[in-house]
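Colleague: I am new to this structure and would like a close look at a single part of it. Could you walk me through the aromatic rings and their surroundings?

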Amino acid sequence: MFRTALKRFQNKWKSYRHRFVPWVVLNLSKNENTLRHVTERSKDKLVPDEEVSKSLLQLFRVLLRSHVADHEELLVLQTRFLGQITSEEDQCGAKAVCGDDAMLQSLGFCLDRKPSSLPFAGTGVFVTKGCVSKGAAVAMYPGTVYQAYEPILLQSIRNPFIFRCIDGVLIDGNDKAISKMVFKSCSGRDRMGPFMMSDTSWLTSRPQNPLAVGQYVNNCSDETPANVCYQEYDVPDNFPIQLCQYLPNVNYSHDTQRPLRCVVLVSLRDITAGEELFSNYYTIVH
């Protein structure tokens with residue numbers, strides 16, 4: 001019985017240690033190839049925010065056409081709310097496609113969650129169809145967004161999905177327990193009439209936004225170098241309100257005085273079907 005418990009603890013530790021700060025600090029020098037170095041915070045972005053917005057809008061518009069084709073009554077409510085149909089993505093008549101097909105059609109690739117190719121790494125994210133071009137937005141890190149001064153102690157207990165941005169903003173990407181309840185509560189709070197301002201489907205096994213799987217991307221190693229990296233993305237004020245329903249992030253506080261923070265994963269090279277995504281968990285700013 002003791003051996004079984006010890007083995008279980010060792011397996012848990014091998015997965016969790018990359019998020020345990022003291023272990024990370026002590027082992028940075030031993031894992032130099034798993035670090036990403038930038039000269040300053042402003043140079044952390046590989047692609048401009050405008051390119052990220054373009055990719056997201058391209059996918060979200062395809063998803064919206066499919067969604068409207070299945071829920072025509074929603075289009076009526078949204079049209080009345082806005083007063084008029086303001087853009088082509090609100091028009092019906094387009095062929096409905098599912099999330100994977102929408103992703104392949106708009107971005108040229110598909111993702112899926114499967115057991116990782118790394119031992120003891122749990123679930124990983126794989127490219128299953130198509131090809132990811134260098135510099136493309138590959139995935140999004142979903143979750144509740146906490147500013148550096150907001151409380152997250154209870155949510156962080158036994159939670160390996162807390163992502164820390166360079167400026168101290170935290171994103172809780174856990175889809176279970178109290179983290180799940182907090183996200184659903186905040187999402188319902190921010191709803192504007194018929195418009196959802198965030199996507200709660202990432203909390204299920206079938207997210208309607210197929211990019212919202214970034215929390216399951218595993219850390220790279222000396223044997224498996226990173227092929228994607230994290231990039232912070234603040235949602236612009238002019239982001240179409242009818243497309244916000246596909247954003248897998250929500251602010252913890254309703255009165256946060258800054259744009260909604262999202263984190264996308266950007267490809268460092270071309271990635272072909274069958275490859276698993278690996279990222280750098282740690283970015284060193286010089």
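Modeller: Gladly! This is a predicted model, and a search through the whole of it turns up 8 aromatic pairs. Let us look at one of them, Phe 60 with Tyr 246. The ring centres of Phe 60 and Tyr 246 are 5.6 Å apart and their planes meet at 40°; an angle under 30 degrees would count as stacked and one over 60 as edge-to-face, so this pair is tilted. The two partners come from distant parts of the chain, 186 residues apart: Phe 60 belongs to helix α3, while Tyr 246 lies in the loop between β9 and β10 (249–251). Phe 60 and Tyr 246 are both buried. Together with Phe 239, they make up one aromatic cluster.

Now stay with Phe 60 and look around it. Setting aside neighbours within four places in sequence, Phe 60 is in contact with Met 140, Asn 209, Phe 239, Leu 243, Tyr 246 and Leu 247. Widen the view and you reach the largest nonpolar core, which has 48 residues. Phe 60 is among the residues with the most contacts inside this core, as are Leu 111, Phe 239, Leu 247 and Leu 277. Several elements give two or more residues to the core, including α3 (49–70), α5 (99–107), β2 (109–115) and β9 (228–234). Helix α3 gives the most, with 8 residues. There is also a second, separate core of 10 residues, with Tyr 146, Leu 170, Cys 186 and Ala 212 among them.

One more ring deserves a glance: the charged end of Lys 114 sits over the ring of Phe 126, 5.9 Å from its centre.

Methods
Residues are numbered from 1 along each chain as its sequence is written. This is a predicted model: local features need pLDDT of at least 70, side-chain atom pairs count only at pLDDT 80 or more; totals for chains, interfaces and linings use all residues. Side-chain values use heavy atoms; hydrogens and water are left out. A nonpolar core is a set of buried Ala, Val, Leu, Ile, Met, Phe, Trp, Tyr and Cys residues joined through side-chain atoms within 4.5 Å. Buried means under 20% relative accessible area, exposed over 50%, partly exposed in between (1.4 Å probe, protein chains only). Helices (H or I, at least four residues) and strands (E, at least two) are DSSP runs, numbered from the N terminus. Contact means heavy atoms within 4.5 Å. Rings of Phe, Tyr and Trp (its six-membered ring) pair if their centres lie within 6.5 Å; planes under 30 degrees apart count as stacked, over 60 as edge-to-face and the rest as tilted. A charge sits over a ring if NZ of Lys or CZ of Arg is within 6 Å of the ring centre and within 35 degrees of the ring normal.
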